[in-house]
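Here are a few exercises to work through with the structure open beside you. Try each task before you read its solution.

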Amino acid sequence: MKILQAVIRNYLETGEPVGSRTISKYTDLNLSSATIRNEMADLEEMGYILQPHTSAGRIPSDAGYRLYVDLMMAEKEREVDELKEVLLEKEDRLDNLLKQTAKLLAVNTNYATMISTPSIYHNKLKFLQLSRVEKNQLLAVIVIEGNVIKNTILDVDEVLTDETLLKLNILLNSHLNGMAVEEINLPLITALKRQAGIHSEIISEVIDAVAEAIKADENLEIYTSGANNIFKYPELADNQRASELINAFEEKKELTELVRETLSEDRETGIQVYIGKESPLENMEDCSIVTATYELGEGMKGTIGIIGPKRMDYDKVVDNLRNVMQQLDAVYRKE
């Protein structure tokens, strides 16, 4: 294990194949080059390292990186140093804070970075309130999990009394509170309309307003930074690979897919590491992608991602991501 870690750490630093003599100088094992060569041959047979050329040193395989990352993350318990204090400064708008976070991560890691705005997932309706604005207008206040509030104006053909509004509010809240959007099905809507009687059309408009309010939260905004850092790594800098990666950052379609993957219901809030072909994105199979899912209150989740070569400094990347998650949580709780 020490020899494998030494191969990986040396390759992370240099990008060059690592030989047995280098390992003998790099570690405190006090082993001969011959013994180290034998151990490296065993590691190669197990699939943890590769020999790219005859008579060349070894480089880590995807399986080697995976073992290294799993061990590193299992052992890491220490608290990380805070990012620059600017992350703690209160921002007028969350998007400014997120843009700033992406830039700081790119500077601190020398890799390409991205961060998505938080969205509501697994939505449940918390509260509905209908109130009169004008003679033929109602204000529908829709409160979703995470205390996200959406206001919608509804035009109505009839003038509703205070008593009628009260009855409609009781009817809607008694049936819809705590329900996910996908649970509001046709039989339920039909039953609500039947109970609303002559006011059934208002029920339809309210249901449409609820669906639209939640749909709006599904439009992800993704901020990126440091895409040009890709050119610092020869294995990613050839014209085709670099072009594909830069396009992915400019068009953001694939980054949106990455966010959907990391925020899928089967994944918990935390850090995910994708190495090489483990990547959910076809154009990034030569890269490593480390993502963190941050949460700003009940149900509001977003993704932070760092993309770089497979020889990225995983320790540093994970430290930075953990710290960013802590700082975002601290800012959210302050506000």
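A polar contact is a pair of N or O atoms within 3.5 Å; within protein, one must be able to donate a hydrogen and the other to accept it, and residues adjacent in sequence count only if both atoms are side-chain atoms. This is a predicted model, where local features need pLDDT of at least 70 and side-chain atom pairs count only at pLDDT 80 or more, while totals for chains, interfaces and linings use all residues. Residues are numbered from 1 along each chain as its sequence is written, and side-chain values use heavy atoms, with hydrogens and water left out.

**Exercise 1.** Work out where T113 sits and which backbone oxygen lies 2.8 Å from a polar atom of its side chain.

Step one: find strand β3, residues 112–116, which holds T113. (Strands are DSSP runs of E, at least two residues; helices are runs of H or I, at least four; both are numbered from the N terminus.)
T113 has a relative accessible area of 0%, so it is buried (under 20%; exposed is over 50%, partly exposed in between, with a 1.4 Å probe and protein chains only).
Step three: look for the oxygen. It belongs to the backbone of A102.
Step four: list the neighbours. Leaving out residues up to four places away in sequence, T113 touches A102, Y223, F249 and I306, among others (contact means heavy atoms within 4.5 Å).

**Exercise 2.** Describe how α1 and α3 cross.

Step one: take the axes, lines fitted to C-alpha atoms over the stretch in contact, with angles from 0 to 180 degrees between N-to-C directions. Those of α1 and α3 come within 10 Å and cross at roughly 85 degrees.
Step two: name the arrangement. The angle makes α1 roughly perpendicular to α3 (65 to 115 degrees; under 35 is roughly parallel, over 145 roughly antiparallel, the rest oblique).
Step three: pick out the residues. I3, L4 and V7 of α1 meet I36, E39, M40 and L43 of α3.
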